[in-house]
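Take a look at the model below. We will walk through it step by step, from the whole chain down to single residues.

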Amino acid sequence: MLTGGEVAALVAAVVWAVLATFMCVALVKLIKLINEATKVVSDLGDRTPPLLDDVASTVERTNTSLERVEEITANVQASSEDVSTMTALTRSVVTGPLVRVASLSYGVRRVLGRRRALAVVRGRRRKANR
C-alpha cells in the first residue's frame, strides 16, 4: 500500500497534470486569438491606404463643389445688387414724373373747381340782377 506521503505526492502530481493541461489549452486559445488579431490588424493595414485615398478624393471634390457654391453666391450677390440698382433707378424715373402728373392734375382740378364755383356764383348774380 501507499503511504500518506506517497498519496499526497500522487494527488499533487495529478493536480499539477490537470493544471498543466488547462494551462496548455488556455495558451493554445490565446495563441489562436493573437493570430486572429494579427490577421485583423494586417487586413486593416492593407485596407487603410485605399480608404484614405478615397477620403482624400472626396475632400477634393467637396472643395471643388464649395468653390462653385462660392462663385454662385458671388454671382447671386452681384445680381441682387444690380436688381436693387435697377429698382432704385426705375423708382426715381417713374415716381418723379408721376408726382409731377399728380400735382398737375390736382392743380387742374382745383382750377376747374373754382371756375365752376365762379360760374355758379355769376349765374346766381345774373338771376338776382334781373
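Predicted model: local features only at pLDDT ≥ 70, side-chain atom pairs only at ≥ 80, totals over all residues.

A helix here is a DSSP run of type H or I with at least four residues, while a strand is an E run of at least two.

Now consider the overall shape. Along the principal axes, the C-alpha atoms fill a box of roughly 175 × 40 × 15 Å. The radius of gyration is 53 Å, whereas a compact globule of 130 residues would have one near 14 Å.

What share of the 130 residues is buried? The figure is 0%. The protein exposes about 11,900 Å², and carbon and sulfur atoms supply 66% of that area.

Next, follow the helix. Helix H1 covers residues 4–129, and Arg124 is found in it. Arg124 and Val7 are 117 residues apart in sequence, and their C-alpha atoms are 156 Å apart in space. Is Arg124 buried or exposed? Its relative accessibility is 61%. Exposed means over 50%, so Arg124 counts as exposed.

An unreviewed UniProt entry annotates residues 6–28 as a "transmembrane region". In the model, that stretch is 100% helix and 0% strand. Its end C-alpha atoms lie 32 Å apart.

Leu2, Val7, Leu10, Val11, Val14, Val15, Val18 and Phe22 make a nonpolar surface patch of about 730 Å². One of these residues, Leu10, is found in helix H1.

Notes. Residues numbered from 1 in each chain as written. Heavy atoms only, no water. Buried < 20%, exposed > 50% of the residue type's maximum accessible area, 1.4 Å probe, protein only. UniProt positions renumbered as here; feature names shortened; annotations may be inferred. Patch = residues over 30% accessible without salt bridge, like charges linked within 9 Å, V, L, I, M, F, W, Y side chains within 5 Å. Areas by Shrake-Rupley, 256 points an atom, 1.4 Å probe, with all protein chains shown as cover. Salt bridge = Lys/Arg side-chain N within 4 Å of Asp/Glu carboxyl O. Rg over C-alpha atoms; globule rule 2.2 N^0.38 Å.
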